[in-house]
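Let's walk through this one together, starting at a metal site and ending at a pocket. Keep the viewer open as you read.

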Amino acid sequence: MSDFDILLEKGRNFHGEVCPGIVLGTRVAMAGMRELGMDPFVRNRDLMVYVEIDRCMADAVQAVTGITMGHRTLKYKDYGKFAATFLDLSNGKAVRVSVLLGPPTSSDSSNEGNTKPDMKEMVEKLSKTPEEELLVIEEVKVDIKENDIPGFPKFKAFCEECGDRVLDRREVIIDGRILCKACAEGPYYQKI
Ligand SMILES: [Zn+2]
Ligand SMILES: [Zn+2]
């Protein structure tokens, strides 16, 4: 079994299946780690990844790299893009890997008249596409804030409206009052 096949299996176990997004995420993660000189088969405590989409691809990136939200090494950017940035916290080196050729969407014109894209075919195709035709790899710089790095929380505040405790400087100050984001912006939930 090749490294790619072994890592694809990790994605399958985590995600539940191998779909086009899992293939893409595996290739993105392998490329990102390779550029940072990191081995996906050992634990990389200094790796942080910014994932730019909350779709299948993100699960493969997580499964291959070992980053997790709980360790604060997985950052989610809600851009809706098939891309991720890999940052080595030990030296600040970072690369952004984006996908040129994504999995098909229902609005793809090439898919008109077709009921459903053939997943197996896509998986096969994306697995074999040469990297230079599939991925764009750019060296980038990431300014990471003190409140976003792994480790014990350094700051806490209490919302003056609801009293909730807010860690890591996620509070906002409006008209001189310290508020949590839910009270400041309106929550995503309604109490019933
Ligand atoms: Zn999937
Ligand atoms: Zn509040």
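What follows covers the zinc site and then the largest pocket.

A bit of housekeeping: this is a predicted model, where local features need pLDDT of at least 70 and side-chain atom pairs count only at pLDDT 80 or more, while totals for chains, interfaces and linings use all residues. Residues are numbered from 1 along each chain as its sequence is written, ligands are numbered from 1 in the order in which they are written, and side-chain values use heavy atoms, with hydrogens and water left out.

Start at the zinc ion (ligand 2), which is held by the SG atoms of Cys159, Cys162, Cys180 and Cys183 at 2.3 to 2.4 Å (donors are N, O and S atoms within 2.8 Å of the metal, or 3.2 Å for Na, K and Ca). The angles among those four donor atoms run from 100 to 114 degrees, making the site tetrahedral (four donors qualify if all angles lie between 85 and 135 degrees). Along the chain, the donors are spaced C-x2-C-x17-C-x2-C. Cys162 sits in the loop between strands E6 (156–158) and E7 (165–167), and Cys180 in the loop between strand E9 (177–179) and helix H6 (181–185), so the pair ties together parts that are 18 residues apart in sequence (DSSP runs, at least four residues for helices and at least two for strands). Cys180 is buried at 7% relative accessible area, and Cys162 is partly exposed at 39% (buried is under 20%, exposed over 50%, partly exposed in between, with a 1.4 Å probe and protein chains only).

Now for the largest pocket. Domain 1 (3–146) and domain 2 (152–185) both contribute lining residues, so the largest pocket lies between them; the domain bounds come from an automatic or database assignment.

Terms used
Tetrahedral: all angles 85-135°; square planar, octahedral: opposite > 155°, others 65-115°.
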